[in-house]
Amino acid sequence: MAAFRLSAIGLFASALAFTAAAAGNATAAAAQDLHKLCRQVKNDDTVRPYSHALHAGTVKAFKKLFPEAKSAPQESELATQANYRCMNGKLLACFVGANLPCAKMNAARDNPGADEFCRTNPNVDVVPAFATGHDAVYAYKCAAGKAVITGQSWVLDKRGFATKLWAEVPRY
């Protein structure tokens with residue numbers, strides 16, 4: 001009976017290892033096929049995490065978005081900052097940072113965070129992003145305790161993402 005248990009455990013462990021390896025291969029294949037996926041689905045607003053399989057193209061997209069950067073980000077930075085999505089059949093990349101949201105933007109003119117901030121700061125010239133949300137399209141000031149739109153912080157693409165934060169990832 002003990003031999004059976006050990007062999008069953010061995011089989012179970014082997015199956016888990018095979019499943020993990022297959023999942024790893026599937027993930028790598030999926031990353032390499034993101035260009036193909038984008039060509040097929042055209043538009044997919046799912047924001048996906050960085051894939052090393054797309055490293056070279058991701059670095060090119062970074063350089064397009066940040067031409068003043070002295071060097072390309074390290075692999076660990078790409079792993080925490082780079083994101084992908086599909087638009088118009090193309091694979092796009094965005095790099096999360098302070099005040100650089102890769103999510104769909106909040107295009108509502110009414111902003112409860114700005115309203116709350118202005119109740120306690122009635123005449124402030126700029127409502128900070130921590131109050132409005134980093135994804136707010138509009139900039140606000142406080143006038144007599146009310147939030148007033150002063151401009152538009154982000155221009156949106158037709159899918160609702162900030163245009164200047166996304167660049168095409170070239171194929172290699």
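The model is a predicted one, in which local features need pLDDT of at least 70 and side-chain atom pairs count only at pLDDT 80 or more, while totals for chains, interfaces and linings use all residues. Residues are numbered from 1 along each chain as its sequence is written, and side-chain values use heavy atoms, with hydrogens and water left out. Helices (H or I, at least four residues) and strands (E, at least two) are DSSP runs numbered from the N terminus. Within H3, the buried residues are Gly57, Thr58, Val59, Ala61, Phe62 and Leu65; buried means under 20% relative accessible area, exposed over 50%, and partly exposed in between (1.4 Å probe, protein chains only).

The sheet comes next. An open sheet is formed by 4 strands in the order E1-E2-E3-E6, with antiparallel pairing. Strand E1 (44-49) and strand E6 (167-168) stand at the edges with a single partner strand each, so one side of each is left without a neighbour in the sheet. Two strands count as paired if DSSP finds at least two bridges between them; E1 and strand E2 (residues 82-87) run antiparallel and are joined by 3 bridges. Across this pair, Arg48 stands opposite Tyr84 in E2. Helix H2 (residues 34-41) packs on the sheet, where it touches E1, E2 and strand E3 (90-95), and its direction makes about 30° with that of E2. Helix H3 (residues 55-65) also packs on the sheet, touching E2, E3 and E6, with its direction at about 60° to that of E3. For these angles, axes are lines fitted to C-alpha atoms, for helices over the stretch in contact, and angles run from 0 to 180 degrees between N-to-C directions. Contact means heavy atoms within 4.5 Å.

The interior can be described through its nonpolar cores, each a set of buried Ala, Val, Leu, Ile, Met, Phe, Trp, Tyr and Cys residues joined through side-chain atoms within 4.5 Å. The largest has 19 residues, and Val127, Leu165 and Trp166 have the most contacts inside it. At least two residues of this core come from each of E3, helix H5 (112-120) and strand E4 (138-143). Beyond its neighbours within four places in sequence, Leu165 is in contact with Leu65, Ala93, Cys94, Phe95, Leu100, Pro101 and Trp154.

Charged pairs complete the description. The structure holds 5 salt bridges, each a side-chain nitrogen of Lys or Arg within 4 Å of a carboxyl oxygen of Asp or Glu. One of them joins the side chains of Asp45 and Lys104 (2.9 Å, N to O). Asp45 lies in strand E1 and Lys104 in the loop between E3 and H5, so this pair ties together parts that are 59 residues apart in sequence. The side chain of Asp45 also meets that of Arg159 in a salt bridge (3.0 Å, N to O). Arg159 lies in the loop between strand E5 (146-152) and E6, so its pairing with Asp45 in strand E1 ties together parts that are 114 residues apart in sequence. Lys104 is partly exposed, with a relative accessible area of 42%, and Arg159 is partly exposed at 26%. Another salt bridge links Glu116 with Arg119, whose closest N and O atoms are 3.0 Å apart. Both residues lie in helix H5, 3 residues apart, about one turn of the helix.
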